[in-house]
Number of protein chains: 2
Amino acid sequence: MKLGEGVEAAIHCAAMLAGVDGNSTMSGAAMAEAFGLSPSYLLKHLNQLTAARILESVPGPAGGYRLARSAERITLLDIVLAVEGKEPAFRCGEIRQRGPVRLDASAYVKPCGINAAMLKAERAYRAALAEAKLSDIVVDFMNDADPRTVSASCAFVERHQRPQKNQSNQPSKV
Amino acid sequence: MKLGEGVEAAIHCAAMLAGVDGNSTMSGAAMAEAFGLSPSYLLKHLNQLTAARILESVPGPAGGYRLARSAERITLLDIVLAVEGKEPAFRCGEIRQRGPVRLDASAYVKPCGINAAMLKAERAYRAALAEAKLSDIVVDFMNDADPRTVSASCAFVERHQRPQKNQSNQPSKV
DNA sequence: TTATTGCGGATAAAAAATATCCATGATAAA
DNA sequence: TTTATCATGGATATTTTTTATCCGCAATAA
């Protein structure tokens, strides 16, 4: 049971984007630099977030990414599902009916109890992730993290965020 | 986020072993046949269960596997951890400190909040798995599954279990 | 027009999961 | 004692997945 590295990158990027002002954007290259990641690969993950409507993207110079909605309404579950896919971690191969004795298909209409138990645990996992809002992550970081990392992070956002044309800045999304 | 196929195989095998009498055993080859699995690969997983002291193995003819303790005291978490390993699914790569600005190491002594949130969800997952006892799986199967599959399963166990030498049969482990 | 950016496809490289084989030691049965 | 059966562990091969790179394209700000 493993999560890909893209999940960590995606959450960190989303948290950073929660700090940009109004509808300003931040380029994928800037976020790749911020976390020491391969730019071309990070774009794949950001793309998944865009496809899932967690992020919005703006092409062209001064383009980049921003949150598609407030950080209050983005959960870690949203991000994990966008990056890892929605299929459950436990995939029942129905090996109960792969044996030598071939019973009629009607004998297997009731779902496999093992599958049910595994999926139940996974629902608990997803419920916990659904409780974790991106805004909580950001607030906890601001309050609890080392002040040096907080100011470094804010400075990075300040330096790399890019205001958009023809639109007034809106209040922070956090 | 994916679990290997070995997990499904391991749980099914453990559930089947819960049905053997006393200290009788069942060979890995028999279980591979029961579920249509590759014998040589299934042995790897059974081996992990043995190493985790969930199963006991007996070499030689009439040898095989049996539960190392009652099915009441074996949980799905035990099995999943034995097969998949104990490391958390989310592995924090500390990318927060991989950026271009190199802060002093003392700035990162507080744990990463994102990692903490992900691990919290994983604790919920594991807690749910720890609640699921192997004996529950077996009882539910006996009570709820299609009677044809139940009797087929019991017949298979009856046919392949092998009594051990010099020891009286003990009551079922369920 | 030019430079920058995200997007998508193709592809490659690396890592992990899956699967097979063989030599070994243990042991029950003949 | 011999033989056959079984689990064990190592070595290795195969397949799949993950990670990563590259290039051409469309959009767009300057």
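User: What makes a residue of chain A count as buried, and what percentage of the 174 residues do so?

Analyst: Buried means under 20% relative accessible area, with a 1.4 Å probe and protein chains only; exposed means over 50%, and partly exposed lies in between. In chain A, 45% of the 174 residues count as buried. This is a predicted model, where local features need pLDDT of at least 70, side-chain atom pairs count only at pLDDT 80 or more, and totals for chains, interfaces and linings use all residues. Residues are numbered from 1 along each chain as its sequence is written, chains are lettered from A and ligands numbered from 1 in the order in which they are written, and side-chain values use heavy atoms, without hydrogens and water.

User: How do you know which residues belong to the contact of chain A and chain B?

Analyst: Contact means heavy atoms within 4.5 Å. The contact takes 52 residues from chain A and 52 residues from chain B.

User: What is the area buried between chain A and chain B?

Analyst: Buried area is the accessible area (1.4 Å probe) that two parts lose on being put together, summed over both. Here that area is about 4700 Å², with 68% of it from carbon and sulfur atoms. Met1(A), Glu8(A) and Ile95(A) supply 17% of what chain A buries against chain B, more than any other three residues.
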